[in-house]
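Please consult the sequence and the model while reading.

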Amino acid sequence: MADATQDFFHGLARRGHDRRLTSIDEGSVRFDISRDGRTDHWLVAIDRGDITVSEQATGGDAVVEADGAVFDRIASGEAYFLTTVLRGEAAVAGNPRIFATVRKLFPPPPASRGTPRRGGGHG
C-alpha cells in the first residue's frame, strides 16, 4: 500500500513553487507524523511561494502533530485539514498566519472536488 503522507511530501518537493503561497515572505511548518511507535518529521519551508521539503526534527514557525493514519487521509484528500484539527485528530501550534496559507497545499475532500462552494471553497 502506498504511503499517502510520504507521497504528499515528495510531491510538494517536486512542485517547487506554488503561487498561492506568495503571501508568505518566509516561514516553515514542521509536520510530526506518528506511526508504528515512531515519529517522522517533515519540514516544509516557504519563501514567496518557493517550497522546499526536508526530513528534519527541529525548527518550524508552526508545528502540526498527527497520527499517520489521520495524516494519510488529509494528504489523500479523504479528510479536510482544518476539520481534523477542530475534531482534535491533529494538533497545531505556532504562527496561525502560516496555517491559514499552508492549508491550501492539501487536496480538497472528495465531496468538494469540482463542486462550487459558497465563500470560495476551502482553499
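In this predicted model, helix H1 (residues 4-15) and helix H2 (residues 68-76) have axes that come within 8 Å and cross at roughly 50°. Axes here are lines fitted to C-alpha atoms, for helices over the stretch in contact, and angles run from 0 to 180 degrees between N-to-C directions. Helices (H or I, at least four residues) and strands (E, at least two) are DSSP runs, numbered from the N terminus. H1 and H2 are therefore oblique to each other; angles under 35 degrees count as roughly parallel, over 145 as roughly antiparallel, 65 to 115 as roughly perpendicular, and the rest as oblique. The crossing of the two helices is left-handed, a term used if the near helix is turned anticlockwise from the far one by less than a right angle, with right-handed used if clockwise.

From H1, the residues Ala-4, Thr-5, Phe-8 and Phe-9 meet Gly-68, Phe-71, Asp-72, Ala-75 and Ser-76 of H2. Five of the residues in this contact are nonpolar, three are polar and one is charged. Contact means heavy atoms within 4.5 Å. In this classification Ala, Val, Leu, Ile, Met, Phe, Trp, Tyr, Cys and Pro count as nonpolar, Asp, Glu, Lys and Arg as charged, and the others, Gly among them, as polar.

Two points concern the basis of the values. Residues are numbered from 1 along each chain as its sequence is written, and side-chain values use heavy atoms, with hydrogens and water left out. Because the model is predicted, local features need pLDDT of at least 70 and side-chain atom pairs count only at pLDDT 80 or more, while totals for chains, interfaces and linings use all residues.

Within H2, the buried residues are Gly-68, Val-70, Phe-71, Asp-72, Ile-74 and Ala-75. Buried means under 20% relative accessible area, exposed over 50%, and partly exposed in between (1.4 Å probe, protein chains only). The cover over these buried residues includes H1, strand S1 (27-35), strand S4 (62-67) and helix H3 (81-86). At the start of H2, a side-chain oxygen of Asp-67 comes to within 2.9 Å of the backbone nitrogen of Ala-69. After H2 comes Gly-77, which has a positive phi, near 85°.

Ile-74, a residue of H2, is buried, with a relative accessible area of 0%. Its C-alpha atom is separated by 7.7 Å from that of Pro-107, 33 residues apart along the chain. Not counting residues up to four places away in sequence, Ile-74 touches Ala-79, Phe-81, Thr-84, Phe-106 and Pro-107.

Arg-35 belongs to strand S1 and counts as buried, at 19% relative accessibility. Its side chain is joined to that of Thr-5 by a polar contact of 3.4 Å. A polar contact is a pair of N or O atoms within 3.5 Å; within protein, one must be able to donate a hydrogen and the other to accept it, and residues adjacent in sequence count only if both atoms are side-chain atoms. Leaving aside neighbours within four places in sequence, Arg-35 is in contact with Asp-3, Thr-5, Gly-68, Ala-69 and Asp-72. Ser-28 also lies in S1 and counts as buried, at 11% relative accessibility.

Arg-15 is placed in H1 and is partly exposed, with a relative accessible area of 37%. The side chain of Arg-15 makes a polar contact of 2.8 Å with the side chain of Asp-18. Arg-15 and Ile-51 are 36 residues apart in sequence and 7.5 Å apart in space, C-alpha to C-alpha.

For the protein chain as a whole, the secondary structure comes to four helices and five strands, in the sequence pattern α-β-β-β-β-α-α-β-α. Of its 123 residues, 39% count as buried. Among contacts between residues at least 6 apart in sequence, 64% join residues at least 24 apart.
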